[in-house]
Every structure is written in structure tokens, then in C-alpha cells.
Number of protein chains: 2
Amino acid sequence: MADDGHRSYCPINLSLEIFGDRWTLLVLRDMMFANKRHFREFLQSDELIATNVLADRLKLLVEQGIVTRADDPTHKQKAVYSLTEKGIALLPIIVQIGAWSSRYVPAAKKLDRRARAVIRELQEGGPALWTRAMAELRERHLGAAARTPA
Amino acid sequence: MADDGHRSYCPINLSLEIFGDRWTLLVLRDMMFANKRHFREFLQSDELIATNVLADRLKLLVEQGIVTRADDPTHKQKAVYSLTEKGIALLPIIVQIGAWSSRYVPAAKKLDRRARAVIRELQEGGPALWTRAMAELRERHLGAAARTPA
DNA sequence: GAGTTGTGGTTGCGTTTTGCAACTGGTTGC
DNA sequence: GCAACCAGTTGCAAAACGCAACCACAACTC
């Protein structure tokens, strides 16, 4: 069908072409829920992503307009990654995935109680709570620009 | 952390270990929205999944309890795949992904108008509509058992 | 100002997964 | 009997992944 590199124009497929792998959503999870912004921080997570894979995914996310990369003024060699509106809009998906998993995947029971409580709260809070969480992300990642729209 | 084969017990991670690839959710999409139930039917989709990959994914979905496989009484060599409750519960995730994609991925604009209308409807219908769609899937995939719970 | 630590990566290489095409063994309809 | 249909399997090349070592540079320590 598509001859511009896409397997099809189905929205599900287009999404999978972007984050249909074992790592991309974990990076976004860390940005959203652990407030990670620097390269080294992403390496600390339990899943132990490799540096080359992380570099590749961050590059891809920037290319897709889901994340931006900026120099950190406090440290000339530090890069800061921020979510864009497109990236923040992925929050409901990640929350839904978390909810499904903690409900249906047996191994999720092994997660510590505190983390499960966060999941449950986000789930029970429903769309209204997601909206607030997204607003908070806008504050942190888009800064003043988000408060004074054109 | 985990030494039972899991990279971590984070629900997001556990989900990605199951369907974090380019194909699995497409198979489920076809089951949910195109009512595909037979091996050959899945091969017809635009994305042209290969037979070995499809066989592998169906096997995995059965192992995970997301899908069941049964012999088709009308044809000794036909297999029928059905969603379980665990599989049906993935509908909100798929809908959210579709909504995000059609909103933020430029190429999704190339999808034909009719399909986009379906997406929009499911999105605007909100959780209430998802519940109805899921009930319909229970009817088709779980049959009488779903109407007369233990 | 020398040494240690912290920064975002890159490179090389072996293993695993994916994608493609051809093929298999059995069933059904005519 | 024979063509079409069914759910896969097999073999092989290409791509992605995972690991570990390495790099250039900045900043902090003393």
C-alpha cells in the first residue's frame, strides 16, 4: 500500500512504527513518572538499558517530535531532554498500559506496594486526573511557554 | 533485579515484554475491529505480516492467555482464535493509541475518511463507548459463557 | 594543576530477532 | 482425481539487540 516507508496508514500501525519496541515507552515512563531528564539518569532504571540503545531511542524520539534536546545552562556538557505536547499526550496510553498490566499480568503483583498504589490512584482518578498530570508535565517540560499560549 | 526472566516488575515493562513489538497489537486490532479469527485472515491486512511471524505471535498470545485457539467444527483444518477477557481488556489501550496517532502523526491523515470517522467516534464516545464495544467482543468471543457468569 | 569523577555519547562484536520466500502435509469442494 | 484452501514450518539473509570497552571533554577536589 504505502510506498513512503510506512507499512500502512493505520494509526495503530503508525504508532507501532514509532514506539513499537521494548524500550521507547520505558524512556517516556521515566520522563513522566520519575522526572528523568538526563542521559545518565535513564541508565539507572531497573531494566538497565544499554547506552547505545538509549542514544538511538532518544535520537528517534527527537526526530519524531516527541522529545526535545537542549543544552543544560548549568553544565556545558549536560543535555536536557524535555517532552513536547505530542509526548505529553502519550500519558493516557502509558497509564492504561500500566492499569492493564497490574490487573492482568501475574508478575506485576511483585511490584512494591507503593508503586502499585500510584498506579491504582492514576487509574481510579480517571481522565480527569490524567489531565492534571499532563498539566503538571507541561509546567515542567514546556515551562513558561505553556502558560502563555499564543 | 528480577531473576525469573523479567527485566523488572514495572507494569509498563511487563506489558512491553508481551506486546512491545511491531506486530502483536496489529493482530489484536484485526481481531477487535475487523473481526478476524482465522490464520489466513490475518495475512490479508495492509501490513502484510509474514506467516512465520504471525504463527509466532499467535502462539505467544495463547501462552499469555490473551487469546485462545480452538478447532473450527465446520472445517477440520481450520483454527479459530478468540479473545479472552484479558485480551478484550486491551481495547482501551488500542483505542488510545489510535486516537494519539490520528491526532499527532502526520501520516495518519492519509487514512481514508471512513476509517478516521470510526477512530473519532470511538474517541469521542469515551470510556462508556469502550465498555459497550468490549461487551460486544465478549458476546462474539466468549459466547454464552459471558452471559451466564458462575 | 594533577587526579578523580561526571558528562553524553561511539565503536566493535557476537547473539538474537525479524523479514522474505519457498515449501509441507493435510482437507475440502467440484 | 485435482485444484484450491488450511495452518503452519524451514532455511537463510538482514537488521536489531546486548554487552563491554572506550572517548573527548567538563567540572570539581585538593
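Between chain A and chain B, 14 residue pairs are in polar contact, both residues at pLDDT 80 or more, where a polar contact is a pair of N or O atoms within 3.5 Å and, within protein, one atom must be able to donate a hydrogen and the other to accept it, residues adjacent in sequence counting only if both atoms are side-chain atoms. The count of salt bridges between chain A and chain B is zero, a salt bridge being a side-chain nitrogen of Lys or Arg within 4 Å of a carboxyl oxygen of Asp or Glu. This is a predicted model, in which local features need pLDDT of at least 70 and side-chain atom pairs count only at pLDDT 80 or more, whereas totals for chains, interfaces and linings use all residues. Residues are numbered from 1 along each chain as its sequence is written, chains are lettered from A and ligands numbered from 1 in the order in which they are written, and side-chain values use heavy atoms, with hydrogens and water left out.

**Contact between the chains**

- The area buried between chain A and chain B is about 4400 Å², of which carbon and sulfur atoms give 70%; buried area is the accessible area (1.4 Å probe) that two parts lose on being put together, summed over both.
- On the side of chain A that touches chain B, two or more residues come from each of helix 1 (11–19), helix 2 (24–33), helix 5 (85–88), helix 6 (91–104) and helix 7 (113–141) of chain A, the helices being DSSP runs (H or I, at least four residues) numbered from the N terminus, with strands (E, at least two) treated likewise.
- Helix 6 of chain A gives the most to this side, with ten residues.
- The residues of the side of chain A that touches chain B divide into 27 nonpolar, nine polar and eleven charged, where Ala, Val, Leu, Ile, Met, Phe, Trp, Tyr, Cys and Pro count as nonpolar, Asp, Glu, Lys and Arg as charged, and the others, Gly among them, as polar.

- The same surface serves both copies, since 100% of the contact residues of chain A recur in chain B, contact meaning heavy atoms within 4.5 Å.

**DNA strand D**

- DNA strand D is surrounded by 18 residues, of which the closest are A:Asn52, A:Gln77, B:Arg40, B:Thr51 and B:Tyr81; a residue is near a strand if one of its heavy atoms lies within 4 Å of it.
- A polar side-chain atom of A:Asn52 lies 2.5 Å from a base nitrogen of DNA strand D, while a polar side-chain atom of A:Arg57 lies 2.8 Å from a phosphate oxygen of DNA strand D.

**DNA strand C**

- Around DNA strand C there are 18 residues, the closest being A:Arg40, A:Tyr81, B:Trp23, B:Asn52 and B:Gln77.
- An N or O atom in the side chain of A:Thr51 is 2.7 Å from a base oxygen of DNA strand C, and a backbone N or O atom of B:Lys76 lies 2.9 Å from a phosphate oxygen of DNA strand C.
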